[in-house]
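Trainee: I am new to this structure and would like to learn how to read it. Please start with a single residue and go on from there.

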Amino acid sequence: MDFELNYEIASTADFIYSRKFTRVALQDSIRIVRALRAKLGSLRSSDGERGVDDKDIGLFVMADTTYGSCCVDEVGASHIDADCVIHYGHTCLSPTSTLPAFFVFGKASINTSNCIENLSKHALTNGKPILVLYGLEYAHAIPHIREAVKVASSSYGSGLKLEINFADVMCTVITPSKDHKSLCGPAGGCTRHTIGGLVWNIPDRKKMEEHLLFWIGSDNSAFANVVLTFNGCEIVRYDATEERLLTDVSQPLKILKRRYYLVEKAKDANIIGVLVGTLGVAGYLHMIHQMKELITKAGKKAYTLVMGKPNPAKLANFPECDVFINVSCAQTALLDSKEFLAPVITPFEAMLAFGRGTQWTGAYVMEFRDLMSSSPVEGSDQAEEARFSFLKGGYVEDVAQPETENGEEEKEGALALANAAEKALQLRDRSLDPIVKGTAKSGAEYFVSRSYHGLEMQCNSSSPEPYAIGRSGKASGYDDEKSKQEIQ
């Protein structure tokens, strides 16, 4: 495929030139910079009234992203004081906070004839209305597939009518919005559905279960979001790389069982770390505050951690945290935490775990913006009730944070001392009482109770200590051990 056509050099240059941007951040290679400079130069020469030289437009290639590569790297762009960001490749199309962004999805190769044949045959044999979803890298081929399906549907005659709906790409240009709550999805009262950068109009979400979802693309994070969000629908996947239709998606559905287990495990957590998984998606700060409020109302400790892309080694530095909440875009929210010391859950799973009286109906929400209209605070009468822990096999009474008349936590006086003493009590003999009292320790209390506190520091003396000679030899037999064996 032609390089300039694949990377949409003409439309990108027109976006930069028409909006008079002078500092542009690119999330891709230097080869694109050369092509953009040539195109901007041709636009300048054809527009005599334009007073800005193409050399005055700074094009900066950014290195590895601070967070997920699917998000617009506003942090990296702010280092060069950029006016906009050009994003290339796979994206989540999450709304930005400060900078406008232009998206180039790329054009992956696909055998449209084979795809149309599989789509038409499956629509005839299944009998359900079909909703076609796809990876954004195949968006360039969807208009041709849509027209071909219409022709194929009319050729079957009036007796057989194929009901096939195609999702549309949400947008290619994103402008920051001051009101992040207006960007909410179905939970905020919107009638259209959005996921993975696609949008379609089916007003009643329950009617989605009557549809068959036909996914065009690979088994990536976007497809995992579709499987979890619409777990009640029948889903098939057309692999454009191998040119075959896969009807068995039982393996992705196992993710849903795994997520339910993590929710139950999070209910028994006392110290929760809130991971800042993005600094560019609109509304992330509001969601972090909402998560901290939810955790505090549940009688647990919350710590906010900013570390970029999380991995097992980074999170292992915080062993006091029983669970982590990853506040990020939908594409990077699901982390396979099997290798992690503590599980990592999404904000939706945190609301299920820490919101008293909530039950999982099977619906799953990936976008944290869809949760902003949800109230994280439950009634205080429900917080006093014991809950049953499936992992501990008994009832657990969570510690409730004491509140004053103004709603602030009690920090002084005899009441605070009594509450602190109550938190420290633990039931040692479970045979006497079936209810286990939960404990809400802080990070400082955790380190005090640890057996290893690091190297011993002699703070009382300022004089240097004599160095000690260690053991010599191999671990299988040190020199001093050999000498002892010879004596014996």
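Mentor: Start with tyrosine 395, which lies in strand β19 (residues 394–397); strands are DSSP runs of E, at least two residues, and helices are runs of H or I, at least four, numbered from the N terminus. The model is predicted, so local features need pLDDT of at least 70 and side-chain atom pairs 80 or more, while totals for chains, interfaces and linings use all residues. Residues are numbered from 1 along each chain as its sequence is written, and side-chain values use heavy atoms, without hydrogens and water.

Trainee: Is tyrosine 395 buried, partly exposed or exposed?

Mentor: Buried means under 20% relative accessible area, exposed over 50%, and partly exposed in between (1.4 Å probe, protein chains only). Tyrosine 395 is partly exposed because its relative accessible area is 42%.

Trainee: How does isoleucine 164 count?

Mentor: Isoleucine 164, in strand β6 (residues 164–166), counts as buried because its relative accessibility is 15%. Contact means heavy atoms within 4.5 Å. Beyond its neighbours within four places in sequence, isoleucine 164 is in contact with Leu119, Ala123, Ile130, Val132 and Val149. Isoleucine 130 is 34 residues away in sequence, with a C-alpha to C-alpha distance of 4.7 Å.

Trainee: What is the order of the strands in the open sheet of five?

Mentor: Strands of a sheet pair through backbone hydrogen bonds, either parallel or antiparallel. Two strands pair here if DSSP finds at least two bridges between them. The order is β2-β1-β3-β4-β8, with mixed pairing. β2 (58–61) and β8 (173–174) are the edge strands, each pairing on one side only.
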